[in-house]
Amino acid sequence: LHLATHGFFDLGAPPQNATPPADSAAAQLAAAVAAVDEGQSSGLVLAGANRPPEIPADPTQLDRLPDDGYLNAAEIAALPLGGAQLVVLSACESGLGAAAGGEGLLGVQRAFQLAGARTTIATLWKVNDETTRRIMEEFYRNYLVEKQTPLEALRRAQLWALENPELIPRGADPPSSSGPTTRLSPKLWAAFTVSGDWR
């Protein structure tokens with residue numbers, strides 16, 4: 001399963017540098033933010049997300065609302081993905097999540113594993129579309145043609161990007177020069193991680 005789309009992660013945590021008075025509006029806002037379900041603070045943006053919602057006039061029809069175009073982590077975790085060997089999330093910040101004591105990070109990547117996906121590849125920050133496309137082409141050549149494990153296929157794709165910086169589109173990011181060779185910034189290739197069964 002390959003999803004090339006937009007990802008989001010936003011807990012909206014209040015600044016930690018001051019404690020507001022208990023009866024202030026800031027304290028009420030901080031309590032509301034703390035109550036946010038982490039499963040809804042991260043997800044993927046799909047088709048239809050840019051359309052305004054169509055709210056039915058009849059309140060009895062509210063349970064039949066059309067899809068809003070957002071697939072959050074809580075919805076992902078409920079999907080029946082027990083047959084998915086590999087999920088590749090070619091989307092920004094899809095490997096981020098809220099830290100939960102003893103549970104690790106709760107987010108999109110974890111949600112796919114809870115849904116039954118065996119291995120997940122995700123990103124840790126915003127990624128360049130064209131750079132990601134080239135790295136994914138190399139990844140799939142390694143994975144599908146060369147029959148490498150997901151971990152090895154990703155590692156070799158990242159090494160390929162480092163060894164061939166002239167073939168990597170950078171968008172608005174200029175190459176950083178250090179002597180006779182042009183180096184590829186880690187922000188363009190190092191965002192991808194493998195979790196789950198790396199074999």
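Guide: The questions below concern the salt bridges of this predicted model.

Visitor: How many salt bridges does a search of the whole structure find?

Guide: Side chains of opposite charge can pair when their charged atoms come close. A pair counts when a side-chain nitrogen of Lys or Arg lies within 4 Å of a carboxyl oxygen of Asp or Glu. For the whole structure, the number of salt bridges found is eight.

Visitor: Is Arg134 buried or exposed?

Guide: Buried means under 20% relative accessible area. The relative accessible area of Arg134 is 16%, so this residue is buried.

Visitor: Which residues are linked with Arg134 in a network of salt bridges?

Guide: Arg134 pairs with Glu137, and Glu137 counts as partly exposed at 37% relative accessibility. The network linked with Arg134 comprises Glu130, Arg133 and Glu137.

Visitor: In which helix do Arg155 and Glu152 both lie?

Guide: The side chains of Arg155 and Glu152 meet in a salt bridge. They are three residues apart, about one turn of the helix, and that helix is α5 (residues 150-163).

Visitor: How far apart are the closest N and O atoms of Arg141 and Glu146?

Guide: Arg141 is partly exposed, with a relative accessible area of 37%, and Glu146 is partly exposed at 44%. The two form a salt bridge, and the distance between the closest N and O atoms is 3.6 Å.

Methods. Residues numbered from 1 in each chain as written. Predicted model: local features only at pLDDT ≥ 70, side-chain atom pairs only at ≥ 80, totals over all residues. Heavy atoms only, no water. Buried < 20%, exposed > 50% of the residue type's maximum accessible area, 1.4 Å probe, protein only. Helix = DSSP H or I, 4+ residues; strand = E, 2+ residues; numbered from the N terminus.
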